[in-house]
Amino acid sequence: MFRLALVSFALTAVACSVDQSAIVPGDTGVVVDSGEDEPEDTSTPDSGSGDTGTIDSGPGCGPGETSCDGTCVDLRTNISHCGSCNNACDAPPADATSTCSARRCGFICDDGFAPDGSGGCAVNVCGDGYLDASEACDDSNMQNGDGCSWDACALEGTPGLCGAPQLTVNRAVQSYRGQIAATDPSGMACEGSGQETSFMLAVNFVGNLTIAVRPAGFDAVLTVYDTNSVPCPGTPKSCGNDGGEGATEERTLSGVTTGEHYLLVVSSANDLGAMGPSDFVIELSGFGS
Ligand SMILES: [Ca+2]
Ligand SMILES: [Ca+2]
Ligand SMILES: [Ca+2]
């Protein structure tokens, strides 16, 4: 008798808090259905006579979601509501797909295409001078034996003077990926105490040569030796260590001539022994006459 009275009291109490006009046939209004936001929705009738437990639109969005015009969206990744409601991302450039990532619009190039450096996508080609993600190098030509193969844009690593892999430098933009070993510093850097990796630059044009080293996070040091008419490694010619971790180091050699050789040493200002190999990109730009 006592239990019956208790149930009756509970039903009465809940019924008093529910707008009975919004409850459809079959929905008693006292049970929170599976999948519904709670408490029982009193403003929007559920569809059908048998409540299927459909999640109602409105304020009850899931974790990380926001209600935009009654639809739950994730502002971090939704290209129609990127960063804020109704902020639709622009149409992508040709051969690309729009993206919304971390609340910011962007695009990714379709398979077989890569960023062209000017806001679009271009066919991923070895020899176009642009260092695509799949390429270890791109030296703007379709020749083998110059340090970067034409068919696969792979580093050839052929030893040159001083036993360092030789890169033939033309009047073009040429890019190469390199890696500093975790061990065995040779002490050839102009500054710093870290490990290093060397390349022999064989000049094949007349003009000026800019050497840029772009490190992946570490503090790079760029050292150039003049290796002409003297024993290896030659005499120190240029030292670049202007920036800290992740900063590009850049130096220009003026008035270089075909047949000259310069040893490029890429190193870290600090000991990277505990960090493992560290990646960098060398960009060589030959220009002038
Ligand atoms: Ca390329
Ligand atoms: Ca080549
Ligand atoms: Ca530096």
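Reader: How do you know that strand E3 (residues 96-101) and strand E4 (residues 104-109) pair?

Author: Two strands pair if DSSP finds at least two bridges between them. E3 and E4 are joined by six bridges and run antiparallel, so they meet that definition. Within the pairing, Thr 99 has Gly 106 of E4 as its bridge partner. The strands themselves are DSSP runs of type E with at least two residues, while helices are H or I runs of at least four, and both are numbered from the N terminus.

Reader: Where in the chain is confidence lowest, and where is it highest?

Author: The lowest mean, 37, belongs to helix H1 (residues 2-17), and the highest, 98, to E14. Over residues 1-58, pLDDT stays under 50. Where pLDDT is low, the predicted coordinates should not be read in detail. For the chain, the average is 81, and 77% of the residues score at least 70.

Reader: Why is Ala 102 called exposed?

Author: A residue is buried if 20 or more other C-beta atoms, placed from the backbone, lie within 10 Å of its own, exposed if 12 or fewer, and partly exposed in between. Ala 102 has 9 C-beta neighbours inside 10 Å, and therefore counts as exposed. Ala 102 lies in the loop between E3 and E4, and its phi is positive, near 55°.

Reader: What makes Asp 95 partly exposed?

Author: Asp 95 has 17 C-beta neighbours inside 10 Å, and therefore counts as partly exposed. Asp 95 is placed in the loop between strand E2 (71-73) and E3, with a positive phi near 65°. Most residues other than glycine have a negative phi, and most peptide bonds are trans. The bond from Cys 232 to Pro 233 is cis, with omega near 0°, and Pro 233 sits in the loop between E12 and E13.

Reader: Why do strand E8 (166-169) and strand E13 (235-240) stand at the edges?

Author: They belong to an open sheet of five strands in the order E8-E10-E15-E12-E13, with mixed pairing. Each has a single partner strand, so one side of each is left without a neighbour in the sheet. The partner of E13 is strand E12 (residues 220-226), joined to it by five bridges and running antiparallel.

Reader: What makes the largest nonpolar core a core, and which residues have the most contacts inside it?

Author: A nonpolar core is a set of buried Ala, Val, Leu, Ile, Met, Phe, Trp, Tyr and Cys residues joined through C-beta atoms within 7 Å. The largest such set has 35 residues, and Leu 201, Leu 264 and Val 266 have the most contacts inside it. Two residues are in contact if their C-beta atoms, placed from the backbone, lie within 7 Å. Not counting residues up to four places away in sequence, Leu 201 touches Leu 167, Val 169, His 261, Tyr 262 and Leu 264.

Technical notes:
Residues numbered from 1 in each chain as written. Chains lettered and ligands numbered in written order. Predicted model: local features only at pLDDT ≥ 70, side-chain atom pairs only at ≥ 80, totals over all residues. pLDDT = per-residue confidence, 0-100.
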